[in-house]
Amino acid sequence: MNINTNYQNIADSYLFSTVAKKVAEYAQKNPDKKIIKLGIGDVTLPLCNAVVRALKSASDEMGEKETFRGYGPEQGYDFLKNEIQNYYKQHGVNLENDEIFISDGAKSDLGNILDLFSQDNTVLVPDPVYPVYVDTNTMAGRKIIYIDANAENNFLPLPDENIKADIIYICSPNNPTGAVYDKEQLKKWIDYANKNKAVILFDSAYECFITDEKLPRSIYAIEGAKTCAIEFCSFSKMAGFTGTRCGWTVVPKALADGILNKMWLRRQTTKFNGVPYIVQKGAQAVFSPEGQKEIQENLNYYKENAKLISNCLKKHNIWHIGGTHSPYIWLKCPNGMTSWEFFDYLLTNVQIVGTPGSGFGRNGEGYFRLTSFGSKENTQEAVERLEKFFD
Ligand SMILES: *Cc1c(COP(=O)(O)O)cnc(C)c1O
């Protein structure tokens, strides 16, 4: 056999392992110091009551002969697809039931969707970015070109007519920067994609953090998107499903004359056997009135944390974006420090851990990511330490 040598081209990700190593070393030398982690990219609040109740009751159903379920539809049960269809409708987007595919999370589908595209496509990825887009395409041996996200464009790059790309990744609200595209900006990408017969892979994993009705939660809120975009979303950040695993992907039938929708169905029915019934029942409960109220409380909790951090940075004139419609705050390291210099500076002076922006791409150098996924108490304490230190 011959191995897929493209794997040799994937850059080793030292980001989170180096962070963990540095923190462990510091903790060992300073056992009396309490370290606060504001670098967490995972939710911390537990599943809400409505979801837990649905998971338990579905488990009971699986233990009774009359209600037991074996293989389900690969593309998801209708009871969940209907809820998602309705969720889109509430935000002004009409989708057909068979345009929605239930997945075990956005990350798997963001990688799996590449099965549908030829290897000779050119991929356009913003820099800095969520590393999955680059690594999955590198594994497949595709050519990747980068578009700069930087302070000049508020970390929201727009299409360049001189660049020819076939597959375009957009993540909004963005990880790591927290930046959100407005409708006019997304329209430019949609026009570019339609004109160049390119496809946009739109990652909306953080749409639930958007509160401004004017900002698009789905790319399909903008005219022309159905002929050029596939959307990936997830219950992970919306309802704390990072360990429970459920998401969905929308492949419109208007896209490439319905070919991609058919191909995706074929791909999923061949390589995937669906998300567990129990998990889909849990996900369905997210859309119940009680579930909606409870997940909103959790999202508000994270948003309050983000506000605390953002207000502190504002007070001390530290340039930053994000935090309003995102759990992420992206700040410019003060005094011209590099990302890792600022990491060491925060760790040794105030015992706060964040994520160096340089780990997300070349343009992330000199920037730093803080997250609101910590506890309220820890976030408050971190802000108090920063206040004291800056004063
Ligand atoms: C967390 C995250 C996801 C969600 O991934 P899941 O596999 O659904 O847990 C997708 N995209 C981005 C950018 C993320 O940060």
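**Helix packing, buried positions and backbone geometry**

N261 lies in helix α8, which spans residues 259–271. The structure described here is a predicted model. In this model N261 has a relative accessibility of 8% and therefore counts as buried, the cut-off being under 20%. When residues up to four places away in sequence are not counted, N261 touches D98, E99, F101, V251, P252 and K253.

Among contacts in the protein chain with a separation of 6 or more, 73% are accounted for by residues 24 or more positions apart. The chain contains 12 helices and 13 strands. Its C-alpha atoms fill a box of roughly 60 × 55 × 50 Å, taken along the principal axes. The radius of gyration of the protein chain is 21 Å, which agrees with the value near 21 Å for a compact globule of 391 residues. Of these 391 residues, 54% count as buried.

Helix α5, residues 132–139, is a local case of burial. Six of the eight residues of α5 are buried, so the helix is largely enclosed by the rest of the structure. The buried residues are V132, Y133, V134, T136, N137 and T138. The elements that cover them include helix α4 (106–112) as well as the strands β3 (122–127), β4 (143–148), β5 (167–171) and β6 (199–203). After α5 comes G141, which has a positive phi, near 75°.

The crossing of α1 past α11 is right-handed. On the α1 side, the contact is made by L15, T18, V19, K22, V23 and Y26, and on the α11 side by W340, F343, D344, L347 and T348. By class, the residues of this contact divide into seven nonpolar, two polar and two charged.

The second pair consists of helix α10 (residues 289–315) and helix α12 (residues 376–390), whose axes come within 10 Å and cross at roughly 0°. That angle makes α10 roughly parallel to α12. Residues Y301, N305, L308, I309, C312 and K315 of α10 meet K376, E377, T379, Q380, V383, L386 and E387 of α12. The contact of α10 with α12 has six nonpolar, three polar and four charged residues.

Backbone geometry was then considered. Most residues other than glycine have a negative phi, and most peptide bonds are trans. The peptide bond from D127 to P128 is cis, with omega near 5°. P128 lies in the loop between β3 and α5, and β3 is among the elements that cover the buried residues of α5. A cis peptide bond also joins N175 and P176, with omega about 20°. P176 is placed in the loop between β5 and α6, the latter being residues 183–196.

A positive phi is found at F155, about 65°, although this residue is not a glycine. F155 lies in the loop between β4 and β5, two strands that are also among those covering the buried residues of α5. The relative accessible area of F155 is 2%, and the residue is therefore buried. Q351 is likewise a residue other than glycine with a positive phi, near 55°. With a relative accessible area of 7%, Q351 is buried.

Definitions and conventions
Residues are numbered from 1 along each chain as its sequence is written. This is a predicted model: local features need pLDDT of at least 70, side-chain atom pairs count only at pLDDT 80 or more; totals for chains, interfaces and linings use all residues. Side-chain values use heavy atoms; hydrogens and water are left out. A crossing is left-handed if the near helix is turned anticlockwise from the far one by less than a right angle, and right-handed if clockwise. Helices (H or I, at least four residues) and strands (E, at least two) are DSSP runs, numbered from the N terminus. Contact means heavy atoms within 4.5 Å. Ala, Val, Leu, Ile, Met, Phe, Trp, Tyr, Cys and Pro count as nonpolar, Asp, Glu, Lys and Arg as charged, and the others, Gly among them, as polar. The radius of gyration is taken over C-alpha atoms; the globule rule is 2.2 Å times the number of residues to the power 0.38. Buried means under 20% relative accessible area, exposed over 50%, partly exposed in between (1.4 Å probe, protein chains only). Axes are lines fitted to C-alpha atoms, for helices over the stretch in contact, and angles run from 0 to 180 degrees between N-to-C directions. Angles under 35 degrees count as roughly parallel, over 145 as roughly antiparallel, 65 to 115 as roughly perpendicular and the rest as oblique.
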